[in-house]
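My entries follow in the order I made them.

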Amino acid sequence: MTTSAKFLPVINVWVIFLVCSIPFSVSQASFPFRNTSLPWQDRVDDLVGRLTMEEVIVQMSRGGAHENGPAPAIPRLGIPPHQWNTECLRGDPEAGPATAFPQALGLAATFSTEVIHAVAEATSREVRAKYNNYTQHQEYGDHTGISCFSPVINIMRHPLWGRNQETYGEDPYLSGSLAQSFVQGLQGDHPRYIRTNAGCKHFDVHGGPENIPSSRFSFDAKVSERDWHMTFLPQFQKCVEAGTYSIMCSYNSIRGVPACANKELLTDILRDSWGFHGYVVSDEGAVENIMLKHHYTKTFEETAAAAVNAGTNLDLTVSKLTNAYDHISKAVTSGLISNQTLTERVKPLFYTRMRLGEFDPPQMNPYSKLSVTDVVQSAEHRELAVEVALKTFVLLKNNDSVLPLAGKVTTLAVVGPFADNLGALYGDYAPIPDPKFSSTPLQGLSCLAGKTQHGAGCKGSDPVCEDYDQQDVKMAVEGADLVVVCLGTGAAIESEGRDRADLSLPGKQLQLLKDAVSYASSKPVVLLLFNAGPLDISWAKDNDAVKAIVECFLPAQATGEALRRMFLNENNANPAGRLPFTWPASMDQVPAMEDYTMDGRTYRYSTWDPLYPFGFGLSYAQFMYDYLHDHVLPTTIQPCDNVTAVVRVTNIGNVTGDEVVQFYLEWGSSSLPVPIRQLINFTRVTLLPNQQRFINVTITPREMAVYTDQWVVPAVGMTVFAGGQQPLQNTAIVSNVAYGTFTITGKDTPLKNCGHVGP
C-alpha cells in the first residue's frame, strides 16, 4: 500500500461506515446461495447469476481504501458490505489496540515454521474477534475486515530497500516455507470455514526501489527468465500450494508490462501453471498507475480491460475519482471485456466470502464465537509476543562470554535513541497495544542493576540523530559497570516509501557508540541494533571493547522483557536467531538498486566475503554435527529419485539452547547455470547439555532442479551440508558443519518428467 494510506492520524483509523440494517426476508433465506447443503461452486454460481452488471462492477471496484471501500451491500439479496482492506502482517494494525508481534524480518530470523504459524494464528484470532464485534455494530471501515493483505514474501534482494523489514529475507526456500506456515496459521484448519483469508504480496519481481533512485510506482523490473523462476516466483508458488485465497499484484512492471496487467504472470503462471483459484487484488492504486505512471494504456477504459483480462479481480485504489474499474461498463460495451470474463472475475470474491462464513448461519461457524474480551491482547498472546521476540534475536558477537550476565550489575548505563523510545521499536504496519503491555530496553534491563543511568544522546530520542548531545552520553556512561548502547533505524529511516542511501549508521549514531566506548573506560559494552536492512557496524565488530552485538530487528511490544530474559538466560532464553540475509561489509558490496540481475546478490550468487553471512548466529551453547557423511542414501540415483540425509546434532555446551539446523545443497560441475549453494531444509530444535537429536530430511528432485528455459534436474555430483550455519564461511560460529555426497547419473532431465511443476 502507499504511504498515504498508512500514515493517517490515529483518529482516522476509527472512522467507520455505519450502514442501516439490511432487511433479510424469508424469500432471501431460500436463495440457493444460502443453502448450506449445496456445493460451494453451485452457491457461488447462483449468487453471481443474480447480480446485475452494475453490481458486479461495483463489487470489483471497491477493494478499498478509505472512501473507496467497503464493497457495498446488496440489500435486495440481503448481502452486507465487505471490507477487503485489512493488514495482518504480525498483528492487527490500525483497528484499535492489538497484540504487536515482532516485525516480519525478525520472525524470519527465528528460522521456525512453528513460530510463524503461532504468530499468524494469534493475529488471525484477534482480527476475527474484532470483525465479529465490528459487524455486530454495522461497522465496515478500513481494517475492520477479515481479508488480509499478508504475508509479504518479496525477496530481500537489496540491503537498502525500505520494505526489507516486511519480508522473510533473501532466500526463496526460507521465504516460501515461512509463507506456507503463515497462510495456514491465518486461515486455520477448519474443514469448512477459514478464520481469515491470507493474501500473499507483492506479485511479482518487487524488491525496490521505493524512492531511491526512482519511484516504485513506475519502475520496470528487467529480470531474466532464470532469475524470475529461481528467485522471484518460488515463494509465491508455495503460498498457492498452502491454499492462500488471495494474491496482490505489485506496482512495478515486469519487462515492460505492469504486474496488474500482466497476463503471463496472473493467468499463465499463477492460474494455468500453479492452479490458483483465488482472487488477485491490486496494490493500492496499481491499476490506475498502469495508465498514470507506466503509460501502458491511454484511457481508464483500456486500463480496466488490461487488468481484468490479465486476471486482476479487485481494484484497491486511492479514490473513487480515479477508479479505473468504474470504467468496466464502457469496456464491456466496446468489446474490450467479455461478459463471461467479468462473471469469472467476480466469482472468487464471493467464494472467499462464503468460505469466511458470511452466508451461513453464524452458529455453524466456530470462528463467529471469538470475542474481543477473550482474545485481543490476551495473556496468552502477550506471553507469545515475549517468547517470539526472544527467538528473533541474533547474537552476532559475544567476546569473553559477556552474555549472559554472571550476576547483578552495580551500575548499568543504557544509552542511544532506541534505549527508551517505544514507538521506534515497532516498525511498519504495527499494531499498537495497550502501553501497559509494552517495554523498552531501558525498562526491561533496569532491574538487572542496583542503579541505572540513561542518556538518549540523540535529541528527542530521534534515530536520525542529527542533533547529538555528547554530554548526555558521557553523564550516563561514566561510572557504569556495563554499558548497553541501543542504535538502529526504525520506520522513520527505512520503511515503505523510504529507501536508504547507504549502509551507514544514521546521523551521529556511530559517534555516539565511539563516545560510549571511550567513556566506559574498559568496562564491557553491549551493542543492541534495532533495524531491518544491514548497517555498517564494522567498527563495532572489530573493536574488542564492544564485547557483544545483538541484532534485535524490531521486536515491538515485548522488547524490554525479552531482552531482560536473554541477558539473564532466564528459563533457557538462549538466543538462537539466524540472519535471514547476507550482511555486506561495505557499500563496495552493494550493487545498483535498479539492476535486477541476481549475479553478485545474496548468498546464492555472491562470492564476496560479507560482514556476516546468511544463516549466521551465535549461541550461549555449542553444538557438534556428525553422522551425515555416511548417511546420504542412496549415494547414486536417477534424476527423478529422492535422497535421504540424516545428521546428528549434539549440544556439547553446558547450557540448554535452541539450534537452527540448516541443510544446504551444492551442485557439482555442470553445463547448466547453478547457484553457489541453496538452503533446502531447516529445523529449530531445543537441546539440553549432552543431548543429541537425529534430523532426517528427504531431498526431492524439486530441490535438486535448476532453471534454464525450464526446470531441469542436472546429472552431476551433489554435496549436502548440515550445520548451524552455511559451510565454508570466513565469519563462522564455533560449531562445525557436516557433509555428505551423492551422484545423479544418466542425463539432465526436465523436472516435469518427474511429476513436478517448478519449486
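I began with helix 5 (residues 53–61) and helix 15 (residues 339–355), whose axes come within 10 Å and cross at roughly 60°. Helices here are DSSP runs of H or I of at least four residues, strands are E runs of at least two, and both are numbered from the N terminus. Axes are lines fitted to C-alpha atoms, for helices over the stretch in contact, with angles from 0 to 180 degrees between N-to-C directions. I noted the pair as oblique; angles under 35 degrees count as roughly parallel, over 145 as roughly antiparallel, 65 to 115 as roughly perpendicular, and the rest as oblique. The crossing of helix 5 and helix 15 is left-handed, a term for the near helix being turned anticlockwise from the far one by less than a right angle, with right-handed for clockwise.

I listed the contact (heavy atoms within 4.5 Å): helix 5 gives Met53, Val56, Ile57, Gln59 and Met60, and helix 15 gives Asn339, Leu342, Arg345, Val346, Leu349, Phe350 and Arg353. These residues divide into eight nonpolar, two polar and two charged. Ala, Val, Leu, Ile, Met, Phe, Trp, Tyr, Cys and Pro count as nonpolar, Asp, Glu, Lys and Arg as charged, and the others, Gly among them, as polar.

A note on the source: this is a predicted model, in which local features need pLDDT of at least 70 and side-chain atom pairs count only at pLDDT 80 or more, while totals for chains, interfaces and linings use all residues. Residues are numbered from 1 along each chain as its sequence is written, and side-chain values use heavy atoms, with hydrogens and water left out.

Next I took helix 7 (residues 113–136) and helix 8 (residues 172–187), which pack at about 30° with axes 7 Å apart. I recorded them as roughly parallel, with a right-handed crossing. Among the residues that meet are Ile116, His117 and Ala120 in helix 7 and Leu178, Ser181 and Phe182 in helix 8. The contact of helix 7 with helix 8 divides into five nonpolar, eight polar and one charged.

I then found Phe418 in the loop between strand 8 (409–415) and helix 18 (441–445). Phe418 is buried at 0% relative accessible area (buried is under 20%, exposed over 50%, partly exposed in between; 1.4 Å probe, protein chains only). Beyond four places in sequence, Phe418 touches residues including Pro441, Cys486 and Phe530.

Last, I placed Thr582 in the loop between helix 22 (559–568) and helix 23 (602–605). Thr582 is buried at 9%.
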